[in-house]
Amino acid sequence: MPKPVRITVPDILARKGKEKLACLTAYTTPMAQLLDEQCDILLVGDSVGMVLHGLPTPVGVTLDMMIMHGRAVMRGSSRALVAVDLPFGSYERNADQALKSAALVLRKTGCQAVKIEICDGAAETISFMTARGVPVIAHIGLRPQAANIDGGFKAKGKSDGERRRILADAKAVDDAGSFAIVIEGVASDLADEITTAVRAPTIGIGASASCDGQILVVDDMLGMFERTPRFVRRYGDMRSIIEHARDCYVRDVRSGDFPGPSEIYGKTKK
Ligand code: KIV
């Protein structure tokens with residue numbers, strides 16, 4: 001059977017204003033296997049640090065961690081476009097540093113693209129990387145990697161000045177050649193204005209239904225956490241399912257009910 005062809009960067013660009021892009025994060029092979037058939041983009045987000053490694057922010061995530069999870073997601077997918085976040089400290093210094101980190105991630109994982117958060121000089125970096133064959137998703141608005149400066153994860157674009165800056169960021173990363181723009185945690189009218197103003201498809205998270213696509217952290221939408229941001233819709237209650245299974249297992253082990261006759265190997269024949 002021919003191998004299914006992955007969704008490509010031009011496929012994503014062609015979705016501007018058309019069928020919405022359904023995107024989720026993925027960090028492991030089994031989850032990628034479950035999501036691949038239906039999702040357009042699987043993002044190996046640096047949220048992995050908080051979701052799977054118990055970090056308070058993505059700041060502690062390293063390139064090695066992103067490469068390890070990127071490889072796992074590539075092994076579990078064959079159809080979705082896979083993008084991997086460049087972690088804090090691996091791209092902000094200049095375009096050379098960013099290209100070196102991106103090349104390592106692309107080479108070691110086989111993923112198709114990287115994502116970077118907007119920072120000083122980000123547009124130049126994106127243009128430099130794109131011209132050298134690295135497809136880039138830009139992340140604007142709320143920047144999780146800036147949590148230490150912002151004092152947490154705070155919605156953005158509340159003042160006129162900040163709105164103007166975010167709109168200007170969007171136009172700059174669009175002109176620089178980003179093939180998609182993640183807009184996180186901004187007022188919906190600002191996300192609408194950006195979506196109309198840019199050529200690249202916008203992917204909202206806590207932004208607006210009019211974005212060209214949406215993304216959520218998969219563990220948030222599966223209901224793995226007690227508390228989630230208000231923009232998360234829970235499509236499952238995995239936490240309760242796991243807690244229930246845990247309680248039943250512990251009860252059965254302690255009562256001697258598990259393992260039963262069919263769950264053990266027969267006696268040794270003498
Ligand atoms: O790290 C991440 O998971 C992200 C998405 C939520 C956009 O950046």
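**Briefing: a parallel barrel and its parts**

Strand β3, helix α5 (residues 95–109) and strand β4 make a right-handed β-α-β unit. Right-handed means that, with the strands pointing away from the viewer, the path from the first strand over the helix to the second runs clockwise. Helices (H or I, at least four residues) and strands (E, at least two) are DSSP runs, numbered from the N terminus. This is a predicted model: local features need pLDDT of at least 70, side-chain atom pairs count only at pLDDT 80 or more, and totals for chains, interfaces and linings use all residues. Residues are numbered from 1 along each chain as its sequence is written, and side-chain values use heavy atoms, leaving out hydrogens and water.

**The barrel**

- Eight strands close into a barrel, in the order β1-β2-β3-β4-β5-β6-β7-β8, with parallel pairing. The twist averages 25 degrees from one strand to the next. Angles run from 0 to 180 degrees between N-to-C directions; axes are lines fitted to C-alpha atoms, for helices over the stretch in contact.
- Two strands pair if DSSP finds at least two bridges between them.
- Strands β3 (residues 81–85) and β4 run parallel, joined by three bridges. Asp85 stands opposite Lys115 in β4.
- Four bridges join β4 to the parallel strand β5 (residues 136–141). Here Glu117 stands opposite His139.
- Strands β7 (residues 202–205) and β8 (residues 213–216) are also parallel, with two bridges. Ile203 stands opposite Gly213 in β8.

**Strand β4**

- Five of the five residues of β4 (residues 113–117) are buried, so the strand is largely enclosed by the rest of the structure. Buried means under 20% relative accessible area, exposed over 50%, and partly exposed in between (1.4 Å probe, protein chains only).
- Both faces are covered. Ala113, Lys115 and Glu117 are buried on one side, Val114 and Ile116 on the other.

**Helices on the sheet**

- β4, helix α6 (residues 122–131) and β5 make a right-handed β-α-β unit.
- The buried residues of α6 are Ala122, Ala123, Thr125, Ile126 and Met129. Seen down the helix axis, they fall within an arc of 160 degrees, so they line one face of α6. The arc is that of the directions from the helix axis to the C-beta atoms.
- Glu124 and Ala131 are exposed on the other side of α6.
- The buried residues of α6 pack against α5, β4, β5 and α8. Contact means heavy atoms within 4.5 Å.
- Just after α6, Gly133 takes a positive phi of about 90 degrees.
- Helix α8 (residues 160–175) lies across β5 and β6 (180–184), running at about 175 degrees to β5.

**Val61**

- Val61 sits in the loop between α3 (48–51) and α4 (63–75). Val61 counts as buried because its relative accessibility is 3%.
- Leaving aside neighbours within four places in sequence, Val61 is in contact with Asp46, Gly49, Leu55, Met66, Pro87 and Phe88.
- The C-alpha atoms of Val61 and Gln145 are separated by 9.8 Å, with the two residues 84 apart along the chain.

**Cysteines**

- A search of the whole structure finds zero disulfides. A disulfide is a pair of cysteine sulfur atoms within 2.5 Å.
- Cys211 is in no disulfide, and the nearest cysteine sulfur, that of Cys23, is 11 Å away. Cys211 is buried, with a relative accessible area of 0%.
- The sulfur of Cys119 is 19 Å from the closest cysteine sulfur, in Cys111, which is too far for a bond.
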